[in-house]
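Please consult the sequence and the structure as you read.

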Amino acid sequence: MSLYDLIISRRSIRQFKQEPVSRDILQKFINASRLAPSAANRQPLEFVVVDEEKIRKEVFTCLKWAAYIAPEGNPKPGHEPVAYIVVLVNSEIREKGFEWDVGAAIENMILAALEKGIGSCWLLSVDREKLREILNIPENYKIDSVLALGYPDENPVIEDMKDSIKYWKDQARQLHVPKRKLEDVIHFNKF
Ligand SMILES: Cc1cc2nc3c(=O)[nH]c(=O)nc-3n(C[C@H](O)[C@H](O)[C@H](O)COP(=O)(O)O)c2cc1C
């Protein structure tokens, strides 16, 4: 699949097969992240990879899924992520203005994962205090985001947005994700 086709096929995945993702592969995602663009090349990001079952279970309790349809969008028992990448910001390197770095780094991981057939969900709704304790994160690191990973066990679809941006599930439990139309977001030359 071309990179463009991969990009437009990507959806957030919240139901996963219980098939492990190897450390080699997870390490590649971090490599893709560390080489992402970084403002002033400051490189404030570090990563915690969680793949051990016991810690995964603890991390799971810190996450909130698909708020518009909660609890319907939660990973069902037996469909939880099989790995997490927790994105940290070293506050001694950058205290603010790191969000663009995080965005580029996470998108690199998401696409590197997609190329391997691995789905992901980027989460900001995280109980950071609890997660800090579970993972032993020092106080001088900000916990920014969590990327949940695993082989997809759902197949969300996009649709043209009409009245609402809220994603929804149909009777077959397929997730529909409304997207603004191309002609509604594009401006050539002048607004
Ligand atoms: C910065 C950011 C934070 C997000 N936080 C969460 C979250 O906490 N929980 C969740 O289930 N999804 C989260 N998402 C996923 C969005 O809900 C999802 O991207 C959106 O519904 C569009 O669906 P799509 O990714 O399939 O295009 C987040 C996405 C982004 C970019």
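**Ligand and domain contacts**

In this predicted model, an oxygen atom of the ligand lies 2.8 Å from an N or O atom in the side chain of R14, where a polar contact with the ligand is a pair of N or O atoms within 3.5 Å. The model is predicted, so local features need pLDDT of at least 70 and side-chain atom pairs count only at pLDDT 80 or more, while totals for chains, interfaces and linings use all residues. Residues are numbered from 1 along each chain as its sequence is written, and side-chain values use heavy atoms, with hydrogens and water left out.

**The ligand**

- The ligand is surrounded by 15 residues (each with a heavy atom within 4 Å of it), and the closest are R11, S12, R14, A66 and K179.
- A polar backbone atom of A66 is 2.7 Å from an oxygen atom of the ligand.
- For S125, a polar backbone atom is 2.8 Å from an oxygen atom of the ligand.
- On its own the ligand has 620 Å² of accessible area, and the protein covers 75% of this (Shrake-Rupley method, 1.4 Å probe).

**The two domains**

- The domain assignment, which is automatic or taken from a database, gives domain 1 (3-155) and domain 2 (156-191).
- Their contact (heavy atoms within 4.5 Å) takes 15 residues from domain 1 and 13 residues from domain 2.
- The C-alpha centres of domain 1 and domain 2 are 24 Å apart.

**The interface between the domains**

- The size of an interface is often given as the accessible area lost when the parts come together.
- Domain 1 and domain 2 bury about 1,200 Å² between them (1.4 Å probe, summed over both), with 57% of it on carbon and sulfur atoms.
- In domain 1, R11, Y68 and N155 lose the most area to domain 2, together 51% of what that side buries.
- The rule finds 1 salt bridge across this interface (a side-chain nitrogen of Lys or Arg within 4 Å of a carboxyl oxygen of Asp or Glu).
- R173 and E72 form a salt bridge through their side chains (3.3 Å, N to O).

Technical notes: Buried area = accessible area lost by both parts, 1.4 Å probe. Polar contact = N/O pair within 3.5 Å; in protein donor to acceptor, adjacent residues only side chain to side chain.
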